[in-house]
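Please study the sequence and the model before reading each solution.

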Amino acid sequence: MDLTYRPRRLRSSEALRKMVRETRMDAASLIYPMFVMDGENKVEEIESLPGQNRYTVDRMGEEYDKLLAAGVTNVMLFGIPAEKDEVGSQAYAEDGIVQRALRITQEKYPEIFRITDVCMCEYTSHGHCGVLCGQDVDNDATLDLLAKTALSHVQAGSQMVAPSDMMDGRILAIRECLDENGFTNIPIMSYAVKFASAFYGPFREAAGSAPSFGDRKSYQMDYHNRRESLKEAMLDVEEGADIIMVKPAMSYLDLVREVHDATDLPIATYSVSGEYAMVKAAAQKGWIDEDKIVCEMATAAFRAGADIYITYYAKELAQFIKEGRIG
Ligand code: PBG
């Protein structure tokens, strides 16, 4: 055969395949989501997320040691408070669960970069991401509480805040509040393009944050929409977001690409609890090769344009990168 182009030539050896790889990864791009809870001396396995735990603040070090050994240095903290109320007051309490976890982390594990999820749903008795007015979440009344929460996280040692509530105008409200208090250098990673998704199911069980009535469709996005993700992303860029997130990851990689091409900000994507749980369940059944699937999913996210990948598989991925099993 007289073929000019033989793409297979560059696939003929491991050395060549690695040389021409288009997507390369680094553990520095990974963020590990971690659950902290009230109480003492407890590590609880999360039933819906096998292999993931909830830690009391005195036991978080066990996870940090494992993360650091694998080469993961970025964590995003989620708090599970002892008490919830209508206005989620434990979200912005000085001695709230995340605030305490931050102080301990800063003091004992300064090499860990501390990111915090800013939302009300883990702290409200009704499980919605803001304060209620009747049956609906009151957008503007919630903004003050989100800004207060972000500020209290930063005062306790958060190095980057990540609002996940999907209220309109919250990036501006948080930016103004942080700036007024002298925290002009703390970045905001916005969950800008966040869909109302069944993929969050296992997380809500982990954090006890499922809404007690209704759903989140009046604030999280409708997954039928593509152009709306650009609208949400651009609004957050204008309001001062530093990093734009698309969430979930796997079923939304088209939007990772679109938002990446439409903005000049770093793009994060969150491989959420349902993605992790599906892989784990199938692996436990012996139906898939867990390690290979995890590598393929992560590579696809970076190939789609993500700069940052938030994943419950951060330790495993860092290990695979170190071993040269993936880019
Ligand atoms: C809080 C929040 C959620 C997740 C991240 N931040 C739950 C939700 O919006 O219901 C989901 C993360 C995951 O599923 O892994 N609002």
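**Exercises on aromatic rings**

K247 lies over the face of Y200, 4.2 Å from the ring centre. The model is predicted: local features need pLDDT of at least 70, side-chain atom pairs count only at pLDDT 80 or more, and totals for chains, interfaces and linings use all residues. Residues are numbered from 1 along each chain as its sequence is written, and side-chain values use heavy atoms, with hydrogens and water left out.

**Exercise 1.** Determine over the face of which other ring K247 lies.

*Solution.* Step 1: a charge sits over a ring if NZ of Lys or CZ of Arg is within 6 Å of the ring centre and within 35 degrees of the ring normal. Step 2: K247 lies over the face of Y270, at 5.2 Å from the ring centre.

**Exercise 2.** Classify the pair F35 and F203.

*Solution.* Step 1: rings of Phe, Tyr and Trp (its six-membered ring) pair if their centres lie within 6.5 Å; planes under 30 degrees apart count as stacked, over 60 as edge-to-face and the rest as tilted. Step 2: the structure holds 11 aromatic pairs. Step 3: the centres of F35 and F203 are 5.5 Å apart and the planes stand at 50 degrees, so this pair is tilted.

**Exercise 3.** Decide whether F35 and F203 are buried or exposed.

*Solution.* Step 1: buried means under 20% relative accessible area, exposed over 50%, partly exposed in between (1.4 Å probe, protein chains only). Step 2: F35, at 1% relative accessibility, counts as buried. Step 3: F203, at 11%, also counts as buried.
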